[in-house]
Amino acid sequence: MTDERAVIVGAGLAGSWTAARLRQEGFEGRITLLGAEPHPPYDRPPLSKDVLRGAHEPGADAEAAGLGLDFDALGVELLTGRAATGLRPGPRLLDTDQGPLPYDHLVLATGAEPVTLPGTEGRPDVHVLRTLDDARRLKRVLDARAALVAVGAGWIGAEVATAARAAGCRVTVVEAAGRPLAGTLPREAAEPMRRWYAEAGAELRTGHAVTAVRDGEVELADGTVVGADAVLVGIGSRPATGWLAGSGVALAPDGSVRADARLRTSAPGVWAVGDCASYPSARYGERLLVHHWDNALSGAGAAAAGVLGREAAHDPVPYFWSEQFGRRVQYAGHRGRDDLAVTRGDPGAGTDGWSVCWLRPDGTLAALLTVDRPRDLAQGRRLAERAAPLDPGRVADPSVPLKAAVR
């Protein structure tokens with residue numbers, strides 16, 4: 001063992017797996033994993049899916065939560081219920097609400113925090129969904145079959161609406177933009193999803209901003225009032241980096257820690273990983289901020305490698321998935337403004353699934369969205385990683401495997 005100490009701030013997936021990778025890759029010093037929540041580390045994707053449906057509840061340890069990590073066996077010191085409050089890179093001290101912690105290597109993995117509606121702070125009938133405690137509170141709403149208004153028709157809004165309808169709740173989803181997932185997907189991919197809400201018995205109101213939340217009702221910009229026993233706010237998230245103010249750690253305009261291609265920050269001996277960090281992607285030619293499970297997991301390896309002096313670039317093909325209204329939705333890659341959208345299958349048919357592929361001007365696959373077409377996703381993800389050029393005509397034929405569309 002050595003006297004070196006690695007401190008990891010944030011005990012979510014990115015932080016937990018960075019700790020594990022450090023030990024697995026041979027770090028012999030002390031590893032301290034710091035989490036603001038009182039719970040041991042757990043997996044977040046089940047919160048909007050299994051937990052709300054009552055099919056799964058993260059257990060009392062990381063193994064039961066699905067992370068598959070035994071921190072005692074790994075020799076990782078886990079400090080729960082302890083929040084970072086500041087950073088002093090000069091003396092290498094991390095300030096916390098229970099006193100400072102010295103470090104030799106520091107990894108920032110504080111994740112993201114939900115954006116809220118102004119004026120709703122502290123209201124017991126207004127919910128967000130980011131933590132296990134959030135999910136437990138919202139589950140009580142679903143168990144009571146309350147009337148729910150979900151603000152935002154993004155991934156969280158759709159998944160909560162799915163669970164709420166399955167529980168027998170009356171559900172209204174309100175979206176300020178003109179279509180669901182407007183901030184994530186272009187019209188050709190998102191518009192077909194509109195009918196999913198009606199089929200599930202949920203009312204979707206697009207083009208309507210929320211102007212007020214009062215007891216038992218939500219008011220929209222056009223003056224319409226919608227009855228609501230509870231409100232779920234799912235209008236996005238932002239990096240949880242406010243505690244770094246005055247530290248000298250450089251932030252990007254979106255508030256993320258500005259990491260380099262190896263996830264190093266502007267402060268010596270400090271790395272950043274997961275939802276709190278953006279990084280320059282050589283693959284896509286721009287800085288990316290990716291708030292998804294897969295990015296947190298793959299970034300953990302790059303951060304651990306950096307601490308060990310075996311620096312590796314972090315530039316994966318982004319990937320995420322969603323389960324909504326009985327469908328499996330998956331997305332891989334990162335599309336550009338000039339990419340050509342090619343649809344595979346009929347989004348309106350309701351059978352056999354469909355996909356949308358985005359091809360760069362040179363024909364290489366930049367990104368793809370799949371709905372109940374797992375084979376397209378698996379093959380397309382590999383093609384995107386290889387930057388393989390595809391024939392648009394063959395891509396458009398859903399009977400042709402994507403791997404057979406390579407030019």
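Leaving aside its neighbours within four places in sequence, with which residues is Gly 353 in contact? In this predicted model, Gly 353 is in contact (heavy atoms within 4.5 Å) with Val 371, Asp 372 and Arg 373. The model was treated with confidence limits: local features need pLDDT of at least 70, side-chain atom pairs count only at pLDDT 80 or more, and totals for chains, interfaces and linings use all residues. Residues are numbered from 1 along each chain as its sequence is written, and side-chain values use heavy atoms, with hydrogens and water left out.

The protein contains 11 helices and 26 strands; these are DSSP runs numbered from the N terminus, with helices (H or I) of at least four residues and strands (E) of at least two. The radius of gyration, taken over C-alpha atoms, is 22 Å, which agrees with the value near 22 Å for a compact globule of 407 residues. The globule rule is 2.2 Å times the number of residues to the power 0.38. Along the principal axes, the C-alpha atoms fill a box of roughly 60 × 60 × 35 Å. Among contacts with a separation of 6 or more, 59% join residues 24 or more positions apart.

Of the 407 residues, 53% count as buried; buried means under 20% relative accessible area, exposed over 50%, and partly exposed in between, with a 1.4 Å probe and protein chains only. The accessible surface comes to about 16700 Å², and 49% of this surface belongs to carbon and sulfur atoms. Areas come from the Shrake-Rupley method with a 1.4 Å probe, and for residues only the protein chains shown count as cover. There are 46 positive side chains (Lys and Arg) and 51 negative ones (Asp and Glu), with His and the chain ends not counted. The centres of the two sets lie 3 Å apart, each charge being placed at NZ of Lys, CZ of Arg, CG of Asp or CD of Glu.

A search of the whole structure finds zero disulfides, a disulfide being a pair of cysteine sulfur atoms within 2.5 Å. Cys 276 is buried, with a relative accessible area of 0%. Cys 357 is also at 0% and counts as buried.

Gly 353 is placed in the loop between strand S24 (340-344) and S25. At a relative accessible area of 12%, Gly 353 is buried. Its C-alpha atom is separated by 7.6 Å from that of Thr 370, 17 residues away along the chain. Asp 372, one of the contacts of Gly 353, lies in the loop between S26 and helix H10 (374-386). This aspartate is partly exposed, at 36%. Beyond four places in sequence, Asp 372 is in contact with Gly 326, Arg 327, Arg 328, Asp 352 and Gly 353. From Asp 372 to Ser 355 the C-alpha distance is 8.4 Å, at 17 residues apart in sequence.

Thr 364 occupies the loop between strand S25 (354-359) and strand S26 (365-371). With 7% relative accessibility, Thr 364 counts as buried. Its contacts beyond four places in sequence are Trp 358, Leu 359, Ala 387, Ala 388 and Pro 389.

His 127 belongs to strand S9 (residues 126-127) and is buried, with a relative accessible area of 8%. Contacts of His 127 beyond four places in sequence include Arg 137, Leu 138 and Val 141, together with Ala 230, Val 231, Leu 232 and Val 233.
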